[in-house]
Amino acid sequence: MYGFINTCLKSLVIDKFGEDTWNKLRDAACVQDTFMTYEVYKDEITVRLVTEACRLLDVEASVVLKLFGEYFFEFCKRSGYDHMMRTLGANLFEFIENLDALHGYLSISYKEMNAPSFRVEKNSDGTMLLHYYSDRRGLCHIVPGIIGAVAKDFFNSRIEMKIVNQMEEVERTGKKEHVVFLITQHFPDKICSKSTSSPSQQTQKPSGCRHNKVHINKQEVERSRQIKKQICGTQRNHWEMVRSLVQLGKGKLLRGFEPVYPNELCIDLKTFCNAFPFHIVFDEELRVRQAGVAVQKIVPGLQTMGIQLDQYFTILHPEVTFTIASIRKFINSHFVLQTRREMMPESWKDTPMLELRGQMLWMASLRCMLYQASPLLRSLQELEERRMYLSDIAPHDATRHLILLNQQRLAEMELSSQLERKKEELRQLSQHLEQEKQKTENLLYAMLPKHVANQLKEGKKVEAGEFKECTILFSDVVTFTTICSQCEPIQIVIMLNSMYLKFDRLTTVHNVYKVETIGDAYMVVGGVPIPVSSHGERVANFALGMIIASKEVTNPITGGPIQIRVGLHSGPVLAGVVGEKMPRYCLFGDTVNTASRMESHGLPDKIHVSPNVYYALRDKGFQLEERGEIDVKGKGRMRTYFLVKNLRATESEIMGRWTREAGSGQASVQSNCDCSSELPAFRPSLQVIQSSDRRPTVAMRYGDSLNEEEPPATFTEALPSAKSPTELLSQKGKSRDSESYGSLHSGNRSEDEPFHLNEAVRRGPDGAEPPPAAAAAHRKQHVCSRFCVVV
């Protein structure tokens, strides 16, 4: 089928059911999205589309095909074939009778078109029998949709069609589907006397108005009489005018036309054969009795009278057996005959075969069939290929003009096809460009926060500012230097890649921001760049997940799982974009230094947390153990803690694992929790996402979860853009710690100055631990940060 059919089917699905349904249907049928109008596609594509549409919409094939037939009629009208179809006939019978002629005309432009054939018969009761012939099986239900739409639109009627017979046509060559429809046509009742009043007036019926009703009926009758009188008067005046102009016989007008035939044919045989150069006369035994001069020139065998016509020609359309009985049955169809290659002269066997298209006329008096035809040529190129000239065609034959006009039509079709192909190429390039753009954006969003990246893409300046509360995590691999000295580089890369992939997945589960990785060091922050109040819980759960995930990574030296150290600290930071060639979103401040110290002073497979983190987590369902006071480089003596577990969440929830209970068919999260019954019930909300390794992931949703696409809250402080980083550093004159986190942070305190809470504030007057509010107030009083950012 031509792409026009598949395009119509696509338009139907989109108009009736939406573009999403078409995308599902296209994917299910495994077909392309766009079809070229003048390109031929396999019938399997259309059949697959119809089959999948029935399955997707859960309806029978007959319903889908009938709907397609109705829509196909409207689609043809919108495509410019409206006027052509309206002129096929004055009634439905004539319209159906000329459908084959319409297909024959379209086949001039659509050379590969294999259209169905129609034959209609009238019954005595006014019904019609429509014979439908097609090479394609199972598509007969399109016909009621098309014919019903034609009857409603062109002839203002309603039809009923039902199949009375369905068989394989034996009179045709090959097995064809032959379906016989019984058509009953209904016209609306024509009421001559219709009230012109409004519907509201017609529905109002006053009580006791029988006299008024009779009076209205008399007015309607009188109006009808006047209309009939005017019509009759007009007809009478018309006939009087005709009678005055035309006088036949004894002054009486003949109401029916009767042609007058001569007693003998006033044309000699030579003139007739020259005037109709492509006609053939043959009898009931298919013996040739007469042929035109042009067809004799192309098929020399016709010069021998009495030869069998079916030895030199085959019937292409309609595909019936070459017998007089079959031809007479399809006498109203146009016949296309093609010469047989084996009967042509040697010099003609390399040229395309000649095709004739014309009308069969049965001459009952002579018991012969007259085939009045013209060569079926679509372009000047086909005329040259058959070694013919326009002079071979009779001047009265419209084939001359048809070839010249169709030459222009084919050029327009070729131009239209080129435009469609270019349009499709541009569409595919646009899709490919969109995909590549999406890949680029994903890579950019992996390096920078989304809202920051969008501002940089738009050429805007990204302002740096302060976040009053956040939680920072550092981790590294224990004995990483030893592992590097004893392993191949590729083993180190494989180990780190395996570990970082698991950690990156956890950032999605708990919605924390991965700042950077340097060697084996992994840095994560919660509450930046999107401020959230649950930053401590998020990073704590992330740290627990890191310990679990690290046990799945193999140490290439020992063959056992690797060990990591994790450190957490909460406090204020300053954040901004650093650099132009490879911009990075970096954090600055004493909070970063302290978090790095928690990691470096930690123990293998332990989560070392500062007092700030301890106060933030102790009432949130986490189990923490006191480590005691230790000497922290650059901070002095600090009382630190170890984060052991989350008492309110299972391991599977922390890892974001998605499982199904055996035999239940319902999704669930594996439970591995020994939660105390005294604790309040806690289950974080879960949201299913897809991880980068295509494993289902359950993302924890916290009470203050925000949309990542939203910009962060307004910063409380902005960096002075007039001062350079050098000027900011010179104001302090403080040295940096070579073991600190590089250029990502700096503090206002000396590294040798101890950082600790006042003992009275830390333990309280009675030795009890202070409330979080007191600790927070103390931190706000003693902790201050300075920073430098290049924007």
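Biologist: Among contacts in the chain between residues at least 6 apart in sequence, what percentage join residues at least 24 apart?

Modeller: The model is a predicted one, and in it 63% of the contacts between residues at least 6 apart in sequence join residues at least 24 apart. The chain itself has 24 helices and 22 strands, and 43% of its 791 residues count as buried.

Biologist: What makes helix 18 largely enclosed by the rest of the structure?

Modeller: A residue is called buried when its relative accessible area is under 20%, and 16 of the 16 residues of helix 18 are buried, so the helix is largely enclosed by the rest of the structure. Helix 18 covers residues 535-550 and reaches 22 Å from its first C-alpha to its last, which is close to the 22 Å expected at 1.5 Å a residue.

Biologist: Why does E537 count as buried, and what does E537 touch?

Modeller: E537 has a relative accessibility of 19%, and the cut-off for buried is under 20%, so E537 counts as buried. The place of E537 is in helix 18, and, leaving aside residues up to four places away in sequence, E537 touches L617, K620, F622 and Y702.

Biologist: How many aromatic pairs does a search of the whole structure find, and why is the pair of F68 and F72 called tilted?

Modeller: The search finds 15 aromatic pairs. In the pair of F68 and F72 the ring centres are 5.9 Å apart and the planes stand at 35°; rings pair if their centres lie within 6.5 Å, and planes under 30 degrees apart count as stacked, those over 60 as edge-to-face and the rest as tilted, so this pair is tilted. Both F68 and F72 lie in helix 4, residues 61-86, four residues apart, about one turn of the helix. F68 has a relative accessible area of 8% and is buried, and F72 counts as buried at 17%.

Biologist: What makes the pair of F73 and F154 edge-to-face?

Modeller: The angle between the planes of F73 and F154 is 75°, with 5.3 Å from centre to centre, and because an angle over 60 degrees counts as edge-to-face, that is the name the pair receives. The pair links distant parts of the chain, with F73 in helix 4 and F154 in helix 7 (residues 142-154), 81 residues apart. Both F73 and F154 are buried, and ring pairs link F73, F95, F154 and F155 into a cluster.

Biologist: How do you know that D153 and R86 meet in a salt bridge?

Modeller: For D153 and R86 the N to O distance is 3.2 Å, and because the cut-off for a salt bridge is within 4 Å, the two side chains meet in one. D153 lies in helix 7 and R86 in helix 4, so the pair ties together parts that are 67 residues apart in sequence. D153 counts as partly exposed at 31% relative accessibility, and R86 is partly exposed at 41%. A search of the whole structure finds 29 salt bridges.

Biologist: Why is K439 called exposed, whereas E436 is called partly exposed?

Modeller: Exposed means over 50% relative accessible area, buried means under 20%, and partly exposed lies in between. K439 has 54%, so K439 is exposed, while E436 has 31% and therefore counts as partly exposed. The two form a salt bridge, the closest N and O atoms being 3.5 Å apart, and both lie in helix 14 (residues 399-447), three residues apart, about one turn of the helix.

Biologist: Which residues are linked in a network of salt bridges?

Modeller: The network links E626, E629, D631, R637 and R639.

Biologist: How do you know that the charged end of K606 sits over the ring of F642?

Modeller: The charged end of K606 is 5.7 Å from the centre of the ring of F642, where the distance cut-off is within 6 Å, and K606 is listed as sitting over that ring. K514 likewise lies over the face of Y500, at 5.9 Å from the ring centre.

Note on methods:
Residues are numbered from 1 along each chain as its sequence is written. This is a predicted model: local features need pLDDT of at least 70, side-chain atom pairs count only at pLDDT 80 or more; totals for chains, interfaces and linings use all residues. Side-chain values use heavy atoms; hydrogens and water are left out. Helices (H or I, at least four residues) and strands (E, at least two) are DSSP runs, numbered from the N terminus. The expected span of a helix is 1.5 Å times one less than its number of residues. Buried means under 20% relative accessible area, exposed over 50%, partly exposed in between (1.4 Å probe, protein chains only). Rings of Phe, Tyr and Trp (its six-membered ring) pair if their centres lie within 6.5 Å; planes under 30 degrees apart count as stacked, over 60 as edge-to-face and the rest as tilted. A charge sits over a ring if NZ of Lys or CZ of Arg is within 6 Å of the ring centre and within 35 degrees of the ring normal. Contact means heavy atoms within 4.5 Å.
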